[in-house]
Amino acid sequence: MSTIQSSCAYCGVGCGVSVSSTQADWENADVSTLTLTGDSQHPANHGHLCAKGERLLDSLSQPNVLRYPVLRSGIPIAWDEASSLIADKFAQTIAKYGPNSVALYLSGQLLTEDYYVANKFVKGYLKTANVDTNSRLCMSSAVSAMQRTFGEDVVPGCYDDIEHAEVIILIGANTAWTHPVLFQRILAAKKANQTTLVVIDPVATATAKQADIHLAVAPGADLALFHGLLGYLADNKQLDHEYIATNTQGFEEVVGDAQLLSADVAKLAKQVGVTEAELTQFYQLFTQNRNVLTASCQGINQSVIGTDTTNAIINCHLALGHVGRAGSGFFSLTGQPNAMGGREVGGLATQLACHMGFSAPERELLADFWQVDHVADKKGLAAVDMFDAVAQGTIKAIWIMGTNPVVSLPNSNKIAQALADCPFVVVSEISPDSDTAKLADVLLPAQGWSEKCGTVTNSERTITRQRGFIAAKGQSKPDWWAISQVAQKMGFNGFEFTNSASVFREFAGLSAKVKQVFPSKIFDLSGLTNLSDSEYNDLLPTQWPIASADQIGQQGVRVFTHGVFATPTGKAQFVTPADTNMSNSTTSTGTVILNSGRSRDQWHTMTRTGHIASLRASIPEPIIQLHPETLAQYSVKEGELVTLESDVQHNTSQFALARVVIDQDIPKSMALMSMHWSEQFSLGKGVNQYLDNRVDPVSLQPGFKSQAVVIKPVELALQGIVFGSHDPSAQGMCWQVAQTLTTGVCHHIGFSRAEDGFAYQSTPHSLLWSANVNGQRVHVQCNMEKDIVCAIKVLSTTRVHLALEPMNAFIGKPIDKTFIKKLHQQINAGNSPLICACTGVTEAQIANQINAEFDQQVFHHGKQHLQFDKALDATQSSLGCGRQCGSCQSEVKQCAQAHWQQALTYVDLEYSTEEDVA
Ligand SMILES: Nc1nc2c(c(=O)[nH]1)N[C@H]1C(S)=C(S)[C@@H](COP(=O)(O)OP(=O)(O)OC[C@H]3O[C@@H](n4cnc5c(=O)[nH]c(N)nc54)[C@H](O)[C@@H]3O)O[C@H]1N2
Ligand SMILES: Nc1nc2c(c(=O)[nH]1)N[C@H]1C(S)=C(S)[C@@H](COP(=O)(O)OP(=O)(O)OC[C@H]3O[C@@H](n4cnc5c(=O)[nH]c(N)nc54)[C@H](O)[C@@H]3O)O[C@H]1N2
Ligand code: SF4
Ligand SMILES: [Mo]
């Protein structure tokens, strides 16, 4: 058995994985013979993984893998031809329209080496800074805030702070689902050290449910909350004036402004959307505890006031002297596996490599290092402006790499149109099926996770080697290699890299040079400049700054520990927010605030997780979660289909976007939908078609999280599911969602006219019948080919619940006498939603088990001595649910609690009946 260490392909926790093979010949090993576990030696996860990480090997069996470069016509071409074509088109465009007519749009899922080469190509040789990344949609507000305060994009703390904190505040972060391994570490610390966990989120999320205190703030009120906190701490003489005087600037201005808020706590509480008691309780945590850690994510970043809000949080910690000290301060949770690495090499259009800006000395250093006469002389276009420029026709050639902007950028229909109209679009992908890939003039096959090789940096600045362990599929190539080919074809020197190690060495060398000329910079890889290929291959997870090779393997590093910062004066800067009355949200009568984010089991636009049956089962169709009172307001019912209308999109589409789910955890003013859906999986496309592209003025990050929309019911005459063969462009279909099962794919479908539903795939030979099953009138159509079932369609006027996997099992088999009976049994069985992705445990199983535990307790101890916690524990021990990666613990508990409550009602009923009889 041999083992290779690598890193997880998903979130910014940056877990290490160990892949093992029984075969010595890795290159030719069959993926099904490999095993993957958490790397017990990796400092980020110590062997733990979440449900997505555990299924990394399943992600490799994609239905469609891109293997060769392809033209829009579908004709495959050779790499040599493809790179010549791209080089020619880019050169011609620049010659005719200037350097700013071209752009690259990258991703936090690329490796540092890919990112470095892309930036060198664009900023050094194409002479434009039009190279931006999806990190703009993700981390840029945190980046801008840290730059403003600390002088550099540097997260001061590390994961070890979790164990040192007395209070941990998660703000705008659903960490239980989005950074599950870190959340389990927080829960363990909470248990061991009685750490107080506070969650600040308008929604009672799975994370909030496991907290000691949940502050359900109004959307965007976080800015007032933290700015008011600064005033409160000053009012109550809690600040560290010595630290403020010695190490900071700008305090007087900000504190005066903050005290205007704290002067009237009752008014402030109202603005924040909490009670005065809740507000004071929260503020007192800062006066009663020394070690308070605040970690933020997209609920803060994806807002038009994201940078000011982050600065308001940092201001409080700064004024308490809580920077670079164990267990306290501000921590930015990174989204993607290498969003941090991208920022290091200058992936954002607004910075240069190694955290440099565009000042003359910084540009000269870079030009000198790359041996070019000059580099791009000013900031380039950030994501939203970049695609606006594509739409306006000023950018005429764009290369998109490792991201799916047609789904993930706001106002996504406009993005799709812009790319469709753009004269030259190159997309580097692992799958030809993404919505963006379908618009490419040239589609390039990239090596994906498991094939590619390089480095990534996680939330706490740890660089980990991502190692390839299987042979590259077809002619897929590393992204850095593809850029180098095009650069060389354009006649540029400096792209003769032989492997990822050679790229990394150059990057580390640049870092050493930057550190030498600008010693106040914190970012430092100079200790890695002289790595040999084999040292690079063996590189241990290492946290930067790394000034010497002796530091390889270092962990638990904090920066700014001596109160010296990367600003010109060496002092940290307090930042006064522009306007604390500003909110991220817009509302008007009849609208709700649309909140969007992540589901527990899916990754982004689902290109890598949508085909994994066990990850698709928990949320088979797009859903929109609404508070029961909001349903009444819109006259919609649970299970009905709706679409949205917003200021940007006056919706003329007849397609349904999502199914309504009642949720008491959502505030009344809000609708919540995930960001994951796209045209690849759902006819209704995704949520971003209804969001406009307003941005934070400092960071230019889109304010995704809270925009006003109107909910519009979509009337369906017939809806249901089709198994087996399916015609996606059938007449009159207005709802269509593809779901992968373990044995194939089924489609959830809907029709606004009943005749279209009946006509769908109907042939003169179809077997047709209608029946009452489970109190519902269902219309079944079964198509046969040579006595073998090739399609089964089940429709009804309302939603049909089916046991999906057993239904799909009829496909491809002959029918017998019991066919209809067996089929009705599966319709009768319904479809119990999956609760735990790791164990495959459904709601029905939890219900059965908790009911059994209930009966046991009543039998042994009587109705007066029921203990829910004991029953829950027994249920989990018996089924295993919620015990593996832990990210569904709150859902398991909620589900068990609901059925326990039901059992209690019955017991009371029985009790009263007995009484009555007596
Ligand atoms: N399962 C899963 N995990 C992931 C990802 C994934 O796709 N799937 N993606 C990764 C990436 S790239 C990222 S960036 C992270 C994102 O990780 P998170 O930021 O944790 O995830 P989100 O669901 O986008 O949003 C977090 C929370 O912000 C809340 N929120 C909305 N508006 C406000 C507000 O005004 N104030 C406050 N305080 N909260 C608000 C939402 O209700 C939501 O619960 O997740 C990473 N991890
Ligand atoms: N409404 C709303 N919109 C959002 C968000 C939100 O919360 N709400 N969140 C935003 C955030 S934080 C993020 S990070 C973005 C994410 O949005 P995207 O970056 O658009 O999402 P992904 O699905 O991760 O896209 C990555 C693409 O790269 C491909 N790929 C995978 N590996 C490789 C590789 O090695 N090389 C290449 N060349 N391609 C590869 C995948 O198949 C996939 O198509 O979405 C943003 N959009
Ligand atoms: S928490 Fe899960 S998704 Fe994130 S890096 Fe670890 S295993 Fe991967
Ligand atoms: Mo992200």
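Mentor: Start with proline 545, which sits in the loop between strand 18 (542-543) and strand 19 (572-573). Strands (E, at least two residues) and helices (H or I, at least four) are DSSP runs, numbered from the N terminus.

Trainee: What joins tryptophan 544 and proline 545?
Mentor: A cis peptide bond, with omega at about 5°.

Trainee: What kind of model is this, and how is it numbered?
Mentor: It is a predicted model, where local features need pLDDT of at least 70, side-chain atom pairs count only at pLDDT 80 or more, and totals for chains, interfaces and linings use all residues. Residues are numbered from 1 along each chain as its sequence is written, chains are lettered from A and ligands numbered from 1 in the order in which they are written, and side-chain values use heavy atoms, with hydrogens and water left out.

Trainee: What pLDDT does the protein average?
Mentor: The average is 94, and 98% of the residues score at least 70. pLDDT is the predictor's confidence in each residue, from 0 to 100.

Trainee: Where does pLDDT stay under 50?
Mentor: Over residues 911-918, for which the model has two contacts beyond four places in sequence. A contact means heavy atoms within 4.5 Å.

Trainee: On to the ligands. How many residues surround ligand 1?
Mentor: 32, and the closest are Asp201, Gly220, Asp222, Arg598 and Gln602. A residue counts as near if one of its heavy atoms lies within 4 Å of the ligand.

Trainee: Is ligand 1 buried or exposed?
Mentor: Buried: alone, ligand 1 exposes 920 Å², and the protein buries 98% of that. The areas come from the Shrake-Rupley method with a 1.4 Å probe.

Trainee: How does the shell around ligand 1 divide by class?
Mentor: It has 11 nonpolar, 15 polar and six charged residues. Ala, Val, Leu, Ile, Met, Phe, Trp, Tyr, Cys and Pro count as nonpolar, Asp, Glu, Lys and Arg as charged, and the others, Gly among them, as polar.

Trainee: And which residues are closest to ligand 2?
Mentor: Asn134, Ser408, Glu429, Lys452 and Thr605, out of 35 that surround it. A polar side-chain atom of serine 408 is 2.6 Å from an oxygen atom of ligand 2. For arginine 598, an N or O atom in the side chain lies 3.1 Å from a nitrogen atom of ligand 2. Taken alone, ligand 2 exposes 920 Å², of which the protein buries 99%.

Trainee: Which residues are around ligand 3?
Mentor: Cys8, Tyr10, Cys11, Val13, Gly14, Cys15, Leu49, Cys50, Lys52, Gly53, Pro180 and Val181. Helix 1 (51-54) and helix 7 (180-193) are the elements that give two or more residues to that shell.

Trainee: What does UniProt say about residues 1-64?
Mentor: An unreviewed entry carries the annotation "domain: 4Fe-4S Mo/W bis-MGD-type" for residues 1-64. UniProt positions are given in the numbering used here, feature names are shortened, and annotations may be inferred rather than shown by experiment. In the model, residues 1-64 are 6% helix and 25% strand.

Technical notes. Polar contact = N/O pair within 3.5 Å; in protein donor to acceptor, adjacent residues only side chain to side chain.
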